Amino acid sequence: MTPLLITTLLLLTACRQDMHDQPRFKPLRQSDFYADLRSSRLQVQGTVARGQLHEDSYFYSGKLGNNPGDYMPFPVTEQVLARGQQHFNIYCAPCHSRLGDGNGMIPQRGFRHPSSYHDERLRKAPLGYFFDVMTNGFGAMSDYASQIPVRDRWCIVAYIRALQLSQGATMADVPAGQKVPSEPPVFGEPGSGATPTAIMPGEKQERQ
Ligand code: HEC
């Protein structure tokens with residue numbers, strides 16, 4: 001039994017070693033085997049790799065033909081806006097600020113100031129424009145295509161539009177019956193900040 005086991009083990013290791021030693025190219029290494037010196041071959045033209053059939057081209061480009069479109073490729077829900085807000089605050093706010101006025105921490109330290117999203121021009125810009133800037137970059141701003149997945153980029157677009165509405169609201173946007181300015185909040189007695197003493201069972205309330 002044991003010799004058989006040992007032989008089997010030896011055979012297995014040998015086999016594994018063979019696979020290790022076989023000639024192969026490391027990814028992106030140079031090779032003089034091919035005329036273009038690349039060890040990796042380019043995709044044959046017209047090949048569609050799995051997950052790369054971008055049938056809905058608006059979803060992936062934000063463009064209709066050559067021009068940015070002005071609609072969301074999926075319905076905007078509260079979850080979409082929440083996701084957009086979270087991703088905007090992570091990826092965009094360092095430069096564009098949480099308000100979108102372009103006065104984030106990085107421009108405050110010397111990086112080029114972006115335009116405010118609340119400028120007339122950007123307020124009127126179609127939704128696909130914002131998607132395109134994130135996808136391809138814009139001037140000094142690099143693109144975010146590799147960091148932010150397509151759907152999340154659209155969530156950010158929806159959130160930017162919400163930011164713009166929030167800063168450009170008029171009296172007509174106030175729901176009927178709401179006072180402007182709204183009532184100041186009413187505070188109760190200020191507490192000391194200390195944790196209230198726990199009343200043990202059987203103890204008199206007067207310690208409070
Ligand atoms: C490192 C700083 C930085 C970050 C992070 C950043 N941006 Fe920008 N963004 C800029 C700068 C700078 C410009 C202006 C570029 C120029 O004019 O050369 C700009 C321009 C833009 C514009 C175009 C405005 C116009 O004038 O037409 C949009 C839209 C925009 N950014 C959206 C975003 C979004 C969305 C994100 C997050 C995914 C983001 N940016 C992240 C720095 C940044």
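Select Leu-28 first: this residue sits in the loop between α1 (2-21) and α2 (57-61), where helices (H or I, at least four residues) and strands (E, at least two) are DSSP runs numbered from the N terminus. The model on your screen is predicted, so local features are described at pLDDT of at least 70 and side-chain atom pairs at pLDDT 80 or more, while totals for chains, interfaces and linings use all residues. Residue numbers start from 1 along each chain as its sequence is written.

Leu-28 has a positive phi of about 65° although it is not a glycine. With 8 C-beta neighbours inside 10 Å it counts as exposed; here a residue is exposed if 12 or fewer other C-beta atoms lie within 10 Å of its own, buried if there are 20 or more, and partly exposed in between, with C-beta atoms placed from the backbone. Move on to Leu-37, which is found in the loop between α1 and α2 and whose phi, near 65°, is a positive value in a residue other than glycine. Leu-37 is exposed, with 10 other C-beta atoms within 10 Å. As background, most residues other than glycine have a negative phi, and most peptide bonds are trans.

Now pick Asp-36, which lies in the loop between α1 and α2 and counts as exposed, with 8 C-beta neighbours inside 10 Å. If you draw a distance from Asp-36 to Gln-167, C-alpha to C-alpha, the two are 55 Å apart in space and 131 residues apart in sequence.

**The whole chain**

Zoom out and colour by secondary structure: the protein has eight helices and two strands, and from the N terminus on its elements run α-α-β-β-α-α-α-α-α-α. The radius of gyration is 30 Å, well over the 17 Å that the globule rule gives for 208 residues, so the protein is more spread out than a compact globule; the radius is taken over C-alpha atoms, and the rule is 2.2 Å times the number of residues to the power 0.38. Along its principal axes the C-alpha trace spans about 85 × 70 × 40 Å, and buried residues make up 13% of the 208 residues.

Select residues 150-167 to see helix α8, whose 18 residues reach 26 Å from the first C-alpha to the last, close to the 26 Å expected at 1.5 Å a residue, the expected span being 1.5 Å times one less than the number of residues. Its buried residues include Arg-153, Trp-154 and Leu-163, and what covers the buried residues of α8 includes α3 (78-91) and α7. Show Cys-155 with its partners: leaving aside residues up to four places away in sequence, Cys-155 touches Val-80, Arg-83, Gly-84 and His-87, contact being C-beta atoms, placed from the backbone, within 7 Å.

Next, highlight the largest nonpolar core, in which Phe-130, Cys-155, Ile-156, Val-157, Ala-158, Tyr-159 and Ile-160 touch the most other members out of 16 residues; such a core is a set of buried Ala, Val, Leu, Ile, Met, Phe, Trp, Tyr and Cys residues joined through C-beta atoms within 7 Å. At least two residues of this core come from each of α3, α7 and α8, and the largest share, eight residues, is from α8.

In α7, select Gly-128, Phe-130, Phe-131, Asp-132, Val-133 and Met-134, which are buried; their cover includes β1 (63-64), β2 (67-68) and α8. Gly-137, which follows α7, has a positive phi near 80°.

Then display the ligand, which 20 residues surround, the closest being Cys-92, Cys-95, Pro-114, Gly-139 and Met-141; a residue is near if its C-beta atom, placed from the backbone, lies within 6 Å. The elements giving two or more residues to this shell are α4 (93-96) and α7 (127-136). The shell divides into 16 nonpolar, three polar and one charged, with Ala, Val, Leu, Ile, Met, Phe, Trp, Tyr, Cys and Pro counted as nonpolar, Asp, Glu, Lys and Arg as charged, and the others, Gly among them, as polar.

**Last stop**

Finish at Pro-181, in the segment after α8, where a cis peptide bond joins Val-180 and Pro-181 with omega about -5°.

How values were computed: Two residues are in contact if their C-beta atoms, placed from the backbone, lie within 7 Å.
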